[in-house]
Structures are given as structure tokens and as C-alpha cells.
Amino acid sequence: MKGALTKKHIAEQTKIVNLPLLVKMQAAKNETSAHHLSKMMGAHGNFLSRNLKRKDHHISLLIALSIHLQTNLLESYFQLLPENLRATRREKELLQQVDDLQQKILDLEKERDWLKEVVGKK
């Protein structure tokens, strides 16, 4: 299967997202450190620093950090996906809801215009 995306290719793309810097900035924003985050995650003090130096990060680490830092660290990685795969199920549901509401508005405007015509003829 030539031309298929390999793990190596994906790893190259994920280098665009500088996770160690992102975590450092969010930690500073939350007035904490990598050492303190490691302790909050129930690990040794250097756990986070060691794991952030790795080329490929585990999803469980990203989720745990997202929870502790109160930010979605996965959002940066979603931007690496093709456009047609980026939307989450919740976003799709909300877009459908917006479309439904816009259709209801159009129907109500048509009904309003019709009622104006009926009242105007009397």
C-alpha cells in the first residue's frame, strides 16, 4: 500500500505541535510547574519532563494534562487532521441544530409575511 500514511509520517507532522512548550505555557498560566503537575498525577517529580521529551505522546497523558491544566491539548492535534475529519460528533450535532433553527426562522418569516398580506387585504 504505497502512499499510505505511516506512523513515521504522522510523527513528523506532530512535531509541528510543540507539546512541551504548550504545557509549560499553560502551567505558567495556571501558576504551577511540570514538577507539581507530575505530583498531582501521582508520579515522580520528573515524570512529566521525561515524558514530554519523547517523540510520541500517549493519549492518556494528553487527557490527564488537559484535565489538570483546564485546557484542551488535543485541539492542536485535531488541526493536523484533514478538514473532513476535524469536526467532532458534538460539533456536527450543533451544526445540524443551527440548520434546523435557521429553517424554522425562514418558515416563520414566510408565515409572518403571509399574515401581513392577509391583514393588509382587509
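**Helix packing and pockets in the predicted model**

The crossing of H2 and H5 is left-handed. In this predicted model, the two partners are helix H2, spanning residues 19–29, and helix H5, spanning residues 59–69. Their axes come within 10 Å and cross at roughly 20 degrees. Because the angle falls under 35 degrees, H2 counts as roughly parallel to H5. On the H2 side, Leu19, Val23, Gln26 and Ala27 take part in the contact, and they meet Leu62, Leu65 and Leu69 of H5. By class, the residues of this contact comprise six nonpolar and one polar, with no charged residue among them.

The largest pocket holds about 330 Å³ of space. Its lining is made up of 16 residues, and those nearest the centre of the pocket are Ile10, Thr14, Tyr77, Leu80 and Leu81. Three helices each supply at least two residues of this lining: H1 (7–14), H5 and H6 (74–78). Sorted by class, the lining of the largest pocket has ten nonpolar, four polar and two charged residues.

What is the volume of the second largest pocket? The value comes to about 210 Å³. Around this second largest pocket lie 14 lining residues, with Ala11, Thr14, Lys15, Arg54 and Lys55 nearest its centre. Helices H1 and H2 each supply at least two residues of the lining of the second largest pocket, and the largest share, four residues, comes from H1. The classes in this lining are six nonpolar, three polar and five charged residues.

Key:
Residues are numbered from 1 along each chain as its sequence is written. This is a predicted model: local features need pLDDT of at least 70, side-chain atom pairs count only at pLDDT 80 or more; totals for chains, interfaces and linings use all residues. Side-chain values use heavy atoms; hydrogens and water are left out. Axes are lines fitted to C-alpha atoms, for helices over the stretch in contact, and angles run from 0 to 180 degrees between N-to-C directions. Angles under 35 degrees count as roughly parallel, over 145 as roughly antiparallel, 65 to 115 as roughly perpendicular and the rest as oblique. A crossing is left-handed if the near helix is turned anticlockwise from the far one by less than a right angle, and right-handed if clockwise. Contact means heavy atoms within 4.5 Å. Ala, Val, Leu, Ile, Met, Phe, Trp, Tyr, Cys and Pro count as nonpolar, Asp, Glu, Lys and Arg as charged, and the others, Gly among them, as polar. On a 1 Å grid over the protein atoms alone, a cavity is a set of points where a 1.4 Å probe fits but cannot get out, and a pocket is an open set with protein on both sides within 12 Å along at least five of seven lines; lining residues have an atom within 4 Å of a point. Grid points are joined across faces, edges and corners, and a volume is the space filled by probe spheres set on the points.
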